[in-house]
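Let's take a walk through a protein and see what sits inside and what faces out. Have a look at the picture first, then read on.

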Amino acid sequence: MTASFTPTWTLSGFGDEIHEDPRIQIAVLQALGAQHIEVRSAWGINIVELDDARLEELRALLAEQEMGVSAIASPLGKVDITSDFDAELARLDRAINAAKVLNSRYIRIFSFYYGEGVDVDSIREPVIERLTRFAEIAQAAGIVLLHENEKDIYGDTPARVLDLITSVNSPALRVAWDNANYVQVGAVPFDDGFEDLRPYLEYLQVKDALASDHSVVAAGEGDGQLRETLGALASDGFAGFASLEPHLSDAFATGGFSGAAAFGRAARAFRGLTDELGVTLK
């Protein structure tokens, strides 16, 4: 008799969607059953702007609470393509340092905004050149970059994400899959992109959105095909991180906010889906 397979995923979440204070971030995530956190900011300071003393304070706090770090949620590449590339390389150095200090192998990145009226195809070559350089540096440091499909950047649609990943062609660049963001650029996430992008999908960002007005809703309450996506991942052996990024109260250029209560509602909605699919969250 063949033993039944129970998929197990590691639950995490963007702590700064809960509160600025990392102690409160950790407490809420642990109350929701998570032993990992995705660090975008602490004490209201972005992770790439934390000085060494603050970074060490955060490391000690996480160690004290036995909390792992699933990823460094950097703002790398979340600037216009015409921005100073040396400044982005400096931010990459800070993100890699943070990943080393906090013992995470993942750094989330983006693939550059472009100005109003600019043809997106015209920035393809410089975007690929920049992400190739990022990947070279990350690979040398033993880090994996996770590209998020943010709206209004080059890699916002499934087709362009696939183009980026295959063109850079590096084991240090992989996909952070976000169903809600795909909805917000007019894609039907699972139908339009899952099959092609699954070989590169290494990290799941959990949120959903309505196609009618692009508003963000809890997992399973929108048009992001969360059930189809999660079901396919459960069936094919995915065993990575699932990171809650609810955006239920506010969304802005550098991230979003939910607050503890809404974050808890988002976590329960996601756990309801994974329970239906027989996925264990640890």
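A residue counts as buried when its relative accessible area is under 20%, and as exposed when that value is over 50%. Keep in mind that this is a predicted model.

Let's begin with helix H2, which runs over residues 52–64. The buried residues here are Leu 55, Leu 58, Leu 61 and Leu 62. Look down the axis of H2 and these fall within an arc of 125 degrees, which means they line one face of the helix. On the face turned away from the buried side you'll find the exposed residues Asp 52, Ala 53 and Glu 64. Just past H2 comes Glu 66, with a positive phi of about 55 degrees.

**Helix H5 and the covers**

Now hop along to helix H5, residues 158–168, where Pro 158, Arg 160, Val 161, Asp 163, Leu 164, Ile 165 and Val 168 are buried. After H5 comes Asn 169, and its phi is positive too, near 55 degrees.

| Helix | Covering elements include |
|---|---|
| H2 | H1 (22–31), S2 (36–39), S3 (41–42), S5 (68–73), H3 (85–101) |
| H5 | H4 (124–141), S7 (144–148), S8 (173–178), H6 (179–183), H7 (189–197) |

**The nonpolar cores**

The largest nonpolar core has 77 residues, and Trp 9, Phe 134 and Phe 270 have the most contacts inside it. Apart from that core lies another, of seven residues, including Ala 71, Tyr 106, Ala 176 and Tyr 203. Back to Phe 270: leaving aside neighbours within four places in sequence, Phe 270 is in contact with Trp 9, Leu 11, Val 206, Ala 219, Leu 230, Ala 242, Leu 244 and Leu 281.

**One last stop: Thr 229**

Thr 229 is part of helix H8, residues 226–236. Is Thr 229 buried or exposed? Its relative accessibility is 0%, so Thr 229 counts as buried. Beyond its neighbours within four places in sequence, Thr 229 is in contact with Trp 177, Asn 179, Phe 190, Phe 194 and Gly 224. Pro 22 is 207 residues away from Thr 229 along the chain, and their C-alpha atoms are separated by 31 Å.

How values were computed
Residues numbered from 1 in each chain as written. Predicted model: local features only at pLDDT ≥ 70, side-chain atom pairs only at ≥ 80, totals over all residues. Heavy atoms only, no water. Core = buried A, V, L, I, M, F, W, Y, C linked by side-chain atoms within 4.5 Å. Buried < 20%, exposed > 50% of the residue type's maximum accessible area, 1.4 Å probe, protein only. Contact = heavy atoms within 4.5 Å. Helix = DSSP H or I, 4+ residues; strand = E, 2+ residues; numbered from the N terminus. Expected span 1.5 Å × (residues − 1). Arc of directions from axis to C-beta.
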